[in-house]
Amino acid sequence: MPPRIDLRSDTVTQPTPAMREAMARARVGDDVFGEDPTVHELEALAASIFGKEAGLFVTSGTQGNLVSLLAHCNRGEEVIMGHDSHTYNYEQMGAATLGGIAPRIVPNQPDGTLRLEDIEAAIMPDDPHFAVTRLISLENTHNRCRGAYLTPAYTRAVADLAHRHGLKLHIDGARIFNAAVAQNVDVQELTGDADSVTFCLSKGLSAPVGSVVVGSRDFIARARRMRKVLGGGMRQAGVIAAAGIIALTEMVDRLAEDHANARRLADGLARLPGIEPEPVYTNIVYFRVRHPRYTAATLQEALLARGVGVLALGPDRIRAVTHYGIETSHIEETLDIFEMLL
Ligand code: TLP
């Protein structure tokens with residue numbers, strides 16, 4: 001049984017009633033034959049929202065990032081990414097395992113950025129001693145860096161740097177709509193200069209399954225081949241793509257509520273003894289546990305026993321994520337439970 005107030009992740013969101021209805025009604029076909037009209041509609045909608053030529057419906061954010069890296073890089077080539085990035089830490093480094101693509105790691109700053117000079121220094125010169133650097137990968141919002149968002153100006157600067165060196169830029173935009181809503185900008189301002197973007201339908205946008213990769217027509221054709229070799233060719237996938245269409249058309253603006261609830265939670269936690277919340281940018285709240293009676297693990301356990309799910313990530317660090325299933329009243333209840341425990 002999941003916790004009653006589930007702050008472990010925004011991946012736990014349940015499909016909305018409108019999604020379930022759209023799923024039941026969806027027109028479907030064999031998408032490997034290119035015959036699923038609802039998948040086509042989702043891919044075209046995603047491409048138009050991002051101002052790209054084409055889209056590809058994939059099973060997950062992990063698969064989206066993997067097919068993107070495989071489509072951009074050949075075996076023996078390198079991708080520059082942050083040491084705290086999701087792709088480096090939580091995706092089994094699939095591009096290395098399956099594609100012979102090596103990560104070249106540069107330090108993430110606390111705001112999720114990579115310093116331009118660090119990126120530049122990580123680009124290998126054209127010399128037979130070195131692997132060829134092919135790609136830079138950014139993450140927006142940044143999961144391990146407190147849900148911080150990258151700005152349009154920063155992303156543009158990295159894209160310029162990449163293109164000046166003949167590299168491509170990929171963005172792991174699992175939560176790119178959180179980044180757009182938090183800055184009140186169109187998502188294209190955050191991704192227009194990137195060569196590819198993965199974004200997730202199944203996190204804050206509440207669809208049950210799926211992510212989409214967007215990019216040029218040629219790039220998406222290569223990514224589609226990669227998806228197939230990974231076993232990700234889906235058949236009557238319109239049933240789940242239908243929920244993704246609702247996610248994109250109805251669920252973006254309400255992310256602001258999740259951001260407000262995250263702030264409410266952090267403000268309340270800051271008033272409690274032995275809890276030190278980190279800065280909050282979007283829907284992710286990290287806090288340190290500096291309490292004589294608790295470690296992160298034992299506090300997680302005590303909260304769970306009272307129906308509140310959080311994730312202990314490290315000996316004294318906990319993550320709580322707000323989403324469609326969390327109302328303001330849940331935040332208040334959560335804070336009452338914290339107060340009782342501490
Ligand atoms: N993140 C999940 C877990 O894997 C940790 C979470 O609960 O936050 N990029 C980013 C930035 C992500 O946060 C995630 C998932 C992914 C990619 C992978 O997406 P999925 O889970 O759909 O493969």
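**Figure 1. T16 and its contacts.** T16 touches I246, M251 and Y324, leaving out residues up to four places away in sequence. Contact here means heavy atoms within 4.5 Å. The model is predicted: local features need pLDDT of at least 70, side-chain atom pairs count only at pLDDT 80 or more, and totals for chains, interfaces and linings use all residues. Residues are numbered from 1 along each chain as its sequence is written, and side-chain values use heavy atoms, with hydrogens and water left out. T16 sits in the loop between β1 (5-6) and α1. Helices (H or I, at least four residues) and strands (E, at least two) are DSSP runs, numbered from the N terminus. Is T16 buried or exposed? T16 is buried, because its relative accessible area is 4%. Buried means under 20% relative accessible area, exposed means over 50%, and partly exposed lies in between (1.4 Å probe, protein chains only). P103 is 87 residues from T16 in sequence, and their C-alpha atoms are 38 Å apart in space.

**Figure 2. A18 in helix α1.** A18 belongs to helix α1, residues 17-25. A18 counts as partly exposed because its relative accessibility is 27%. Which residues does A18 contact, leaving aside its neighbours within four places in sequence? They are I246 and E250. A243 is 225 residues away from A18 along the chain, yet their C-alpha atoms are separated by 8.1 Å.

**Figure 3. The loop between β7 and β8.** Two residues of this loop are shown. L205 lies in the loop between β7 and β8. L205 counts as buried because its relative accessibility is 3%. Beyond its neighbours within four places in sequence, L205 is in contact with M19, F177, C200, A247, L248, M251, V252 and L255. I275 is 70 residues from L205 along the chain, with 29 Å between the C-alpha atoms. S206 is also placed in the loop, which runs between β7 (196-200) and β8 (211-215). What is the phi of S206, which is not a glycine? The phi of S206 is positive, about 75°. Most residues other than glycine have a negative phi. S206 has 0% relative accessibility, so S206 counts as buried.

**Figure 4. M93 between two helices.** M93 lies in the loop between α4 (86-89) and α5 (94-99). M93 is not a glycine, but its phi is positive, about 45°. Why does M93 count as buried? Its relative accessibility is 12%.

**Figure 5. A cis peptide bond.** The peptide bond from N140 to T141 is cis. Its omega is near 0°. Most peptide bonds are trans. Where is T141? T141 is in the loop between β5 (132-139) and α7 (152-164).

**Figure 6. R317 in strand β13.** R317 is found in strand β13, residues 317-321. R317 counts as buried because its relative accessibility is 15%. Setting aside neighbours within four places in sequence, R317 contacts R144, R146, E278, Y286, F287, R288, A296, L311 and A312. A297 is 20 residues from R317 in sequence and 8.9 Å from R317 in space, C-alpha to C-alpha.

Figure 7. The protein chain is divided into domain 1 (5-11 + 254-341) and domain 2 (17-250). These bounds come from an automatic or database domain assignment. How far apart are the C-alpha centres of domain 1 and domain 2? They lie 28 Å apart. In domain 1, 17 residues are in contact with 18 residues of domain 2.

**Figure 8. The setting for the close-ups.** The protein chain has 14 helices and 13 strands. Its C-alpha atoms fill a box of roughly 60 × 55 × 35 Å, taken along the principal axes. A compact globule of 342 residues would have a radius of gyration near 20 Å, and the 20 Å of the protein chain agrees. This radius is taken over C-alpha atoms, and the globule rule is 2.2 Å times the number of residues to the power 0.38. Buried residues make up 56% of the 342 residues. Among contacts between residues at least 6 apart in sequence, 73% join residues at least 24 apart.
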